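Hi,

Here is the structure I promised to pass on.

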Amino acid sequence: MTNYPHLLAPLDLGFTKLRNRVMMGSMHTGLEDRFYHYGKLAAFYRERARGGVGLIVTGGISPNRSGWLLPFGGTLNFKGDVLNHRRVTRAVHEEGGKILMQILHAGRYGYQPLVVSASEKKSPISPFKPRALTEAGIEATIRDYARCARLARDAGYDGVEVMGSEGYLLNQFLCARTNLRTDRWGGSIENRMRLSVEIVKRIRAEVGQNFIIMYRHSLLDLVEGGNTWEDVVAVAKALQHAGVTILNSGYGWHEARVPTIVTSVPRGAFAGLAGRLRREVSIPVVASNRINMPNEAEDILRRGDADMISMARPFLADADFVNKAAQGRADEINTCIGCNQACLDHTFSNKRASCLVNPRACHETELVYAPAQKKRRVAVVGAGPAGLSAATVAAECGHDVTLFDGNEQIGGQFRIAMQVPGKEEFRETIRYFERKLEITGVKLRLGVRVSREQLIQDGYDEVVVATGIKVRRPPIQGIDHAKVLSYVDVLQNKAPVGKRVAIIGAGGIGFDMGEYLLHDSRHPLPLALDVWAREWGVDLQGNTAGGLTPAEQPEPVRQLYLLQRKTSKPGAGLGKTSGWVHRAVLARNGVVMLSGVQYDRIDDQGLHITVGGEQRLLSVDNVVVCAGQDSLNELMPSEEEIKGHPGWPRFHKIGGAALAAELDAKRAIREGAELATRF
Ligand code: FAD
Ligand code: NAP
Ligand code: SF4
């Protein structure tokens, strides 16, 4: 029987056919903004097309300067740029794929001074107040869209996607939240949709019938002043009538306070809405957001909720996603875990996107896993993210690799991380590496704490010390009191925890500990969709304007204090695009967060602190220490020892063993891969 028969079925659009129902959704990689990066961009898309994806949508390209997301962002408004884009389209076509260019006008989300919108209303996430477009400005914008689409056709694209969701310009015109106009472009939904509809009509007139026009439509705005479902349907029907070929779906403006793509959002959360829209129109509808494995994608299609599935970040994580699914190798897929750490967090920091679990993403021409010139014997000590990455890449390059870990299971700290509510996806990375170790033939020695002498004696050419970290135990009076626990004890369920708890350290693990201790055990993990929706106040039926309902106020299962010595806001160092979600969860559960704390002592009464010059007693049952880590690298010889023993193997340290400060799995995995390519 065919694997994933719905997902892998072709989609016939009449004038053209897509080879399957898998679409790689638009992502801003940072490579599209500079002409000299188009070779790298072409290599990035080529690998995904070779991996079998049916349709690719590029990152957003602006039709004019006022539409820039960032100053001098990717723009297609004159003939000269066509040549760069041809490199991209040629690469995809040579691999049998099809590609659309996304036209994105950022409107008031532009992080630059030329911004325009429907009205002069500043967005809460950009410092620049927009200028309201005049009637002539609107006409010019429509012309710019049409010209941009024609240039895209000249560059060889199979079509364009018009970005109409996520709170960008067209969404700003579509919603009363940002459209305060009283002319024919504002007021009723017919007026508010006029810009989107005119743009589609003008593009269609410019490019002819045999060119895909996809429109990304906001099915749930998730902001006050968002559209009703009736509005959403009316717009969709008008867009179909205007000449749209495929309707893609979008959920939540960037300024929304409801998460829509982070790892704690249940898989496929919004697909039901795409299904509801599909029953209203007669053109194909695409489901998107938090779909990251072929099973979910297949189920959505089988249920009739969509004609196509858009996955964006999963194609950063694994270029071969589709081929693996088609060949019955879904267990080899490197799953996107929804962490945003190397993709969106980079994009929003103006850095090139990549992927935590796949550091080659957007670096295809720079980080190459080529066959080794000379096969070497490699020992990797530590099967955490750093060691797993080093071992599998080294083996993939053809080396003879043995991987040791003192534990009985691989994963290191990542295995502990997956106990945190909302981080269940981290399990997928461990599953991926388990399989990858098998495929690449790495010899796995679990439950073995190997010594340096042994490694030297065994005659390895290269030894990789990836032994990670040891948990820091801060020198606080009473730190050995029975009520003090480390985060490892708690997350590994080795110790009961009371109802009143102080957490020392408000870094990533302190926040995770908060979510772990607040989890209501009546709700199994991962959270069911309805429980998640009630927690965040989301109406997944789309029956309220913008899809918002009052969020359920939980009865906190514990009283928590989250403490740090720094005077900055707790959680300031969390991920740019996910930190707010963690802060919101803790705030909703009444966690007391204190900065500028001095820890005086711990005793039977609890934790004594001084904060703001005032001594306080937190009468807690337990104190959980999440105060960071120090490197564990005793296997690593000193410089002198290495110099004195020229016959020893070459020793390397990576991940936590190299540097514990600001360590995360992104750095650990990247360092492992980079080192392995140098053997
Ligand atoms: P480790 O994961 O510590 O692995 C080291 C391995 O070496 C261990 O398996 C250990 O058993 C083994 N070892 C040590 N000594 C020896 C020896 N002598 N012989 C044999 N084996 C040995 N990171 C993120 O990027 N994003 C997150 O959201 C995130 N959340 C986290 C949440 C929690 C609760 C925790 C605990 C961590 C989280 N992290 C997160 C951090 C991430 O897990 C670490 O950065 C990463 O695991 C470090 O990888 P590593 O390989 O360097 O070390
Ligand atoms: P961390 O982010 O460095 O936080 C350590 C915390 O401990 C800080 O709040 C620090 O604040 C406090 N601390 C440090 N030394 C202390 C001492 N001597 N006494 C008392 N408090 C002390 O480290 P982490 O939370 O352990 O996380 C480890 C790594 O995992 C992080 O680097 C992070 O990147 C990664 N991680 C990421 C995520 C994510 O969601 N992206 C989640 C979890 C973990 P003060 O010094 O101000 O007191
Ligand atoms: Fe997915 Fe994280 Fe990779 Fe982004 S960085 S693609 S969210 S796994």
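**Around ligand 1**

An N or O atom in the side chain of Asn407 is 3.3 Å from an oxygen atom of ligand 1, which counts as a polar contact (a pair of N or O atoms within 3.5 Å). Ala665 also takes part, with a polar backbone atom 2.8 Å from an oxygen atom of ligand 1. The protein buries 92% of the 990 Å² that ligand 1 exposes when taken alone (Shrake-Rupley areas, 1.4 Å probe).

Before going on, note that this is a predicted model, where local features need pLDDT of at least 70, side-chain atom pairs count only at pLDDT 80 or more, and totals for chains, interfaces and linings use all residues. Residues are numbered from 1 along each chain as written, chains are lettered from A and ligands numbered from 1 in the order written, and side-chain values use heavy atoms, without hydrogens and water.

There are 36 residues around ligand 1 (a heavy atom within 4 Å). Domain 2 (377-471 + 630-676) and domain 3 (484-520 + 555-625) both contribute to that shell, so ligand 1 lies between them; the bounds come from an automatic or database domain assignment.

**Around ligand 2**

Ligand 2 has 22 residues around it, with Ala506, Ile509, Arg565, Lys566 and Leu663 coming nearest. A backbone N or O atom of Leu663 sits 2.7 Å from an oxygen atom of ligand 2. The protein covers 78% of the 890 Å² of accessible area that ligand 2 has on its own. Domains 2 and 3 both give residues to this shell too, so ligand 2 lies between them.

Cheers

Note on methods
Polar contact = N/O pair within 3.5 Å; in protein donor to acceptor, adjacent residues only side chain to side chain.
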